[in-house]
Amino acid sequence: MMGPVLRATLLRALVVLLCFGLVAPIVIVAIASFSGDGYLKFPPETLSIRWYERFLGDHRWRGAIMNSLFIGVLTSIFSTVIGFLAAYALMRGQFRFKRVIAALLLTPVIVPHIITAVAIYFLSARMGLVGFRPWIAVAHTVVALPVVLVILQSALRTVDPALERAAMVCGCTRFGVFRRVVLPLALPGMVSAALFSFLTSFDELVISLFLAGIRAETLPVRIWNSLLLEVEPTIAAVSTLLIAVTATALALDALIRKFQGGPAALAAR
Amino acid sequence: MPLGRLAAWLMLAPALLLLAGVFLLPIGWFLIGSLSELGGFAEIWEEAQDVLFSGTVGRVLLNTNGIGAIVTLLVLVIGYPVSYALSRARGFAFTAILLCIVLPYFTSTIVRTYAWMVLLGRNGLINRILLGLHLVDEPVNLLYNRTGVIIGMTYVLLPYMVLTLFAAMKAVDPKLLQAAEGMGASPVTVFRRVFMPLTLHGVIAGVLITFILAIGFFITPALMGGPGDIMIAMLIEREVELTQNWPSAAMMTIVLLAVTLILYGFYSRFAEQEAPR
């Protein structure tokens, strides 16, 4: 039998190793992207920003950045507004089929994205919507909505209904209560929801792959298209940009919540 | 402040319209529209037997289940200790472990897949370490085969398992563990007789969610696999993009969708279940 101290030490070592294994691939790509060598080498022998120059110097990559940003921001606005209304209704409303509707609204995360993508493509191809960026944002909103709902439902749970009642008693209208009480109290949750729905869209590949056409290639779609040909180092630079965006969103979320009740990442489960 | 029924429905309307118009309706239309190209029920049934019992689809379904099962098992074995440590950690250790899980979790799947393609290539870091340690004499093929798919998918799906297990483990009352210890149980017994049974529903939920996500996977097997590692999602994509065989894509979609929804039904029972008392 192992002693308890030895066992605890072994477990700790194992967990440190596994956690290292979880972040290492991401960190390695980020470091390798600054390599000055002809191919991706880790550790790099010389440092340079040549892959970033090639990435940002290519108008197709720049176009992909703009497409991703445009679609991401639009998705974020759509899903946060629609999601907030739905989350509030599910929280405070009393109506039939509430559980069924709540479960139904979450199904887009469970149904494989390939099915959602093919089905929306089937519809879009017949309506000439392939390559239309606002439409891609609408499609992304479907998969971002569950994320927003989970975050906002947990945010609204902390809003005391008594405060809303008090405001009503003091003569505030229903809309006024919404604007002056509910919205300000739920604001940190709203910002988290906006950040994570942006990330969902910014990182989404499968739906974009079908809907982008040649006019609206997003960053993940362009990465996909070039990876099918070869593993070229420019993609390391693009990947690092995507990682930086994710890290920034997580940092902003942590900052806004100041770790109140844990990061939204946990609520998003 | 309770909300009136009309107000509640009005607030839900945009979400429900979106779900109906851009999710349920397209899926229904795609399935019914594609299949009705074939004719009546008899023709569809005949074609379905041809497609679903063909050698190709059989092999692909076998691949899908095999890869899904291995990946789920690996993710559970690797994820369990990490979740356990996370559920026990406080302060800095908690934040550090959480960050190691959450950063990959929210990084784009294609970026995570690319990272492993760089690491596993013939001149990649893993091969150079193996060569440097003289464990192998020449570079090992770790990419564009089953090994690559399994490594890549295990990495991508690990955070889902860890976060699901964590939710179950955090709900365990530490007093129960102390009580067992106080009554003379060894740490192994406490783990085996108290902690494990109390977190079993989390393990089942984690296994189900990982398997559900694994069998619908597309990006990682498409980029890291070889010709023998085609999974069902890839076959659906091929039928649509290459051969434009919509009826056959619809049939495979029905199989994948049905399996996913049935497993999800079980999942929601275990995920919502309170820890047994």
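This is a predicted model: local features need pLDDT of at least 70, side-chain atom pairs count only at pLDDT 80 or more; totals for chains, interfaces and linings use all residues.
1. Leaving aside residues up to four places away in sequence, B:Ser87 touches B:Phe166, B:Met169 and B:Lys170.

2. Chain B has 12 helices and zero strands. Its pattern, read along the sequence, is α-α-α-α-α-α-α-α-α-α-α-α. The C-alpha atoms of chain B fill a box of roughly 70 × 70 × 30 Å along the principal axes. Chain B has 277 residues, of which 44% count as buried. Taking the contacts in chain B between residues at least 6 apart in sequence, 76% join residues at least 24 apart.

3. Chain A also has 12 helices and zero strands, and the pattern along its sequence is α-α-α-α-α-α-α-α-α-α-α-α. Its C-alpha atoms fill a box of roughly 70 × 70 × 35 Å, again taken along the principal axes. Of its 269 residues, 45% count as buried. For contacts in chain A between residues at least 6 apart in sequence, the share that joins residues at least 24 apart is 74%.

4. The contact between the chains takes 70 residues from chain A and 65 residues from chain B. On the side of chain B that touches chain A, helix H1 of chain B (residues 5–36) gives the largest share, with 15 residues. By residue class, that side of chain B divides into 54 nonpolar, eight polar and three charged residues.

5. The largest nonpolar core has 163 residues, and the members that touch the most other members are A:Ala86, A:Val118 and B:Leu157. In soluble globular proteins, nonpolar side chains tend to be buried together. Not counting residues up to four places away in sequence, A:Ala86 touches A:Leu105 and A:Leu149 in chain A, and B:Met11, B:Leu12 and B:Ala15 in chain B.

6. Most residues other than glycine have a negative phi. A:Phe97 is not a glycine, yet its phi is positive, at about 60 degrees. The residue sits in the loop between helix H3 (59–92) and helix H4 (98–110) of chain A. A:Phe97 is exposed, because 9 other C-beta atoms lie within 10 Å and a residue with 12 or fewer is classed as exposed.

7. The second case is B:His134, also not a glycine, with a positive phi of about 60 degrees. B:His134 is found in the loop of chain B between helix H6 (125–132) and helix H7 (146–170). Is B:His134 buried or exposed? B:His134 counts as exposed, because it has 7 C-beta neighbours inside 10 Å.

Technical notes: Residues are numbered from 1 along each chain as its sequence is written. Chains are lettered from A and ligands numbered from 1 in the order in which they are written. Helices (H or I, at least four residues) and strands (E, at least two) are DSSP runs, numbered from the N terminus. A residue is buried if 20 or more other C-beta atoms lie within 10 Å of its own, exposed if 12 or fewer, and partly exposed in between; C-beta atoms are placed from the backbone. Two residues are in contact if their C-beta atoms, placed from the backbone, lie within 7 Å. Ala, Val, Leu, Ile, Met, Phe, Trp, Tyr, Cys and Pro count as nonpolar, Asp, Glu, Lys and Arg as charged, and the others, Gly among them, as polar. A nonpolar core is a set of buried Ala, Val, Leu, Ile, Met, Phe, Trp, Tyr and Cys residues joined through C-beta atoms within 7 Å.
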